[in-house]
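Dear colleague,

Please find below the structure that I am handing over to you, together with its sequence. My findings follow directly after it.

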Amino acid sequence: LNDFLRYGVDNEIRVQVRNNNMTNSRWYTGSGIYRDVYLLESGMSYLVPEGVQIRCESTDEDYAVLKIDTEIKNREHTAAELKLKNTVRDADGQIVAEEETAAVLFDQEERTLTQRVTVEAPRLWSAETPELYTCETTLYADGAEADSQTVRFGIRKLSLDAKRGLRINGE
């Protein structure tokens, strides 16, 4: 869009649907956009939208191990030196885990980076106590913040077997 934007003033983006080259059905000849439309605003290196996935690998009352998969993309035509930082906060806003990973993405490369963090004495999510954590994911390029996402999640242990059925945190 860079070539079409006028900087310093409001710009309008118009989406038009033309179906005159499509064969129409006998009963419905309409067309349109029936879903939300989003515009991604980012730099050339960025976090893929909805690309942060958090899974609880193991948990007990002492600690929980979280696996955080983050999809990042480099749209530059050169390699980019990036740093990925994940900060996990509890419901009170206190930092309970943090991890940084450096990566070099080559031109036009998309990659998933995996980090494992440990949360001491986790407050487990259940229907009675819906404890939620927040993961703040930040991508840095050339030392400056390039993109960020925030994901809310609960720590819980799920098990399913034929004898006891579905159990959440052992109950």
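A salt bridge is taken here as a side-chain nitrogen of Lys or Arg within 4 Å of a carboxyl oxygen of Asp or Glu. The model is a predicted one, in which local features need pLDDT of at least 70 and side-chain atom pairs count only at pLDDT 80 or more, while totals for chains, interfaces and linings use all residues. Residues are numbered from 1 along each chain as its sequence is written, and side-chain values use heavy atoms, with hydrogens and water left out.

Salt bridges

The structure holds twelve salt bridges. Asp90, Asp92, Arg123 and Glu131 are linked by such bridges in a network. Within this group, glutamate 131 meets arginine 123 at 3.8 Å, N to O.

Lysine 67 forms a salt bridge with aspartate 69, with 3.9 Å between the closest N and O atoms. Here lysine 67 is partly exposed at 23%, whereas aspartate 69 counts as buried at 12%.

Another salt bridge joins lysine 83 to glutamate 100, their closest N and O atoms being 3.6 Å apart. Because lysine 83 lies in strand β3 and glutamate 100 in strand β4, this pair ties together parts that are 17 residues apart in sequence. Lysine 83 has a relative accessible area of 34%, and glutamate 100 has one of 43%.

Sheets

Strands (E, at least two residues) are DSSP runs, numbered from the N terminus, and two strands pair if DSSP finds at least two bridges between them. Strands β3 (residues 80–89) and β6 (residues 133–141) pair over eight bridges, and lysine 83 has tyrosine 140 as its bridge partner in β6.

A second open sheet is formed by three strands in the order β1-β2-β5, again with antiparallel pairing. Its edge strands are β1 (45–59) and β5 (110–120), each of which pairs on one side only. Ten bridges connect β1 and β2, and isoleucine 54 has isoleucine 68 as its bridge partner in β2.

Strands β8 (residues 158–161) and β9 (residues 165–168) run antiparallel and are joined by four bridges. A hairpin of three residues connects β8 to β9, and leucine 160 stands opposite leucine 166 in β9.

Aspartate 147

Which strand holds aspartate 147? Its place is in β7 (residues 144–153). Aspartate 147 is buried yet has no salt bridge, and the nearest side chain of opposite charge, arginine 75, is 11 Å away; Lys and Arg count as positive and Asp and Glu as negative, with His and the chain ends not counted. A polar atom of the aspartate 147 side chain lies 3.0 Å from the backbone nitrogen of leucine 47.

Yours sincerely

Definitions and conventions. Buried means under 20% relative accessible area, exposed over 50%, partly exposed in between (1.4 Å probe, protein chains only). A polar contact is a pair of N or O atoms within 3.5 Å; within protein, one must be able to donate a hydrogen and the other to accept it, and residues adjacent in sequence count only if both atoms are side-chain atoms.
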